Amino acid sequence: MSWVRALPLLAAAVVVTLAPVGLGVLLSAPPSAPPAQPLATPLSSLDTATLTLARAPFCERIAATDVAAALGGTPDDGAAWSNGDPVPLPDGSTDVGHEYGCRWSLPSGAAVAAWVFAPPVPPESAEALVTAAAATEGCTPVSGAPAYGSPAYGSPSVTLSCGPTVSFRGLFGDAWLVCEATSLPTPAGGDPVERAGRWCTSVAVAAGA
């Protein structure tokens with residue numbers, strides 16, 4: 001799985017691909033409980049007409065039941081990171097990250113993650129991020145997926161399928177949000193993109209300003 005980030009942002013919309021790891025502050029696992037019912041709100045029903053996001057920490061506002069519902073169980077691993085935290089690069093070195101985000105996972109390989117860029121992102125830079133993400137090796141843009149962004153800002157967004165990982169990336173106000181779901185349990189005949197979209201709906205609502 002690859003994560004698309006911008007460093008340092010945004011004059012040329014520089015994009016770097018990084019390997020995901022747990023870093024920053026460990027998140028406590030949601031309280032043990034039977035898995036919640038499947039996430040109720042599909043992305044197609046999210047009203048983004050006036051939705052803007054805070055470019056700030058948001059992970060504590062994601063409901064523990066939503067995390068468990070997305071993964072199909074209570075995660076045994078989680079981490080959060082903030083603007084300025086060190087981020088490992090593919091060559092083993094580190095660089096300073098410019099985002100706020102978090103990730104949870106299960107031993108099965110199921111994982112969910114989300115992050116928002118700390119610097120503001122103008123629409124033209126968001127378009128460059130869409131282009132760069134769509135060109136990521138091993139990833140295919142998903143046609144027909146709901147837009148992940150605010151129409152008032154032109155909704156630059158892209159949905160990618162990268163092996164077992166589905167990601168939604170888009171501009172809400174001046175905030176660039178990325179949401180990922182990997183190997184989520186999907187009922188027979190279910191659509192992994194639609195299921196990932198429900199998780200990303202919960203993320204967008206939690207990150208709302």
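This is a predicted model: local features need pLDDT of at least 70, side-chain atom pairs count only at pLDDT 80 or more; totals for chains, interfaces and linings use all residues.

The structure holds three disulfides. When the bonded cysteines are numbered in the order of the sequence, they pair as 1-2, 3-4, 5-6. In the pair made by Cys59 and Cys102, the sulfur atoms are 2.0 Å apart, and the angle of -90° about the S-S bond makes this link left-handed. Because Cys59 sits in the loop between strand S3 (25-26) and helix H1 (64-71), while Cys102 belongs to strand S7 (residues 99-105), the bond ties together parts that are 43 residues apart in sequence. Both Cys59 and Cys102 are buried.

The disulfide of Cys139 and Cys162 also has its sulfur atoms 2.0 Å apart, but here the angle about the S-S bond is 115° and the link is right-handed. Cys139 lies in the loop between helix H2 (123-134) and strand S9 (140-141) and Cys162 lies in strand S10 (residues 157-162), so this pair joins parts that are 23 residues apart in sequence. Both Cys139 and Cys162 are buried.

In the disulfide of Cys179 and Cys200, the sulfur atoms are 2.1 Å apart, and with -95° about the S-S bond the link is left-handed. Since Cys179 is part of strand S12 (residues 175-182) and Cys200 is part of helix H3 (residues 192-206), the bond ties together parts that are 21 residues apart in sequence. Cys179 and Cys200 are both buried.

Which residues of the largest nonpolar core touch the most other members? Of the 39 residues in this core, they are Ile62, Trp104, Val112, Tyr148, Trp199 and Val203. At least two residues of the core are supplied by each of H1, S7, strand S8 (111-117), strand S11 (165-172), S12 and H3, and the largest share, seven residues, comes from H3. A second, separate core holds 16 residues, among them Phe117, Leu129, Val158 and Val178.

If residues up to four places away in sequence are not counted, Trp199 touches Leu39, Ile62, Asp66, Val67, Ala70, Trp104, Val112, Ala113, Cys179, Glu180 and Ala181. Of these contacts, Ile62, Trp104 and Val112 are named together with Trp199 among the core residues that touch the most other members, and Cys179 is the disulfide partner of Cys200.

Helix H1 can be read from its buried side. Its buried residues are Val67, Ala68, Ala69, Ala70 and Leu71, and they pack against S7, S8 and H3. The helix is followed by Gly72, whose phi is positive, near 85°.

Leaving aside neighbours within four places in sequence, Ser105 is in contact with Leu71, Pro75, Asp76, Asp77, Ala110 and Ala111; Leu71 is one of the buried residues of H1.

Ser202 is found in helix H3. Is Ser202 buried or exposed? With a relative accessible area of 15%, Ser202 is buried, and once neighbours within four places in sequence are left aside, Ser202 is in contact with Leu39 and Asp66.

At 5% relative accessibility Thr159 counts as buried. Thr159 and Pro141 are 18 residues apart in sequence, and their C-alpha atoms are 5.7 Å apart in space. Apart from its neighbours within four places in sequence, Thr159 is in contact with Thr140, Pro141, Val142, Ala145, Pro146, Val166, Ser167, Phe168 and Val193.

Technical notes
Residues are numbered from 1 along each chain as its sequence is written. Side-chain values use heavy atoms; hydrogens and water are left out. A disulfide is a pair of cysteine sulfur atoms within 2.5 Å. Helices (H or I, at least four residues) and strands (E, at least two) are DSSP runs, numbered from the N terminus. Buried means under 20% relative accessible area, exposed over 50%, partly exposed in between (1.4 Å probe, protein chains only). Contact means heavy atoms within 4.5 Å. A nonpolar core is a set of buried Ala, Val, Leu, Ile, Met, Phe, Trp, Tyr and Cys residues joined through side-chain atoms within 4.5 Å.
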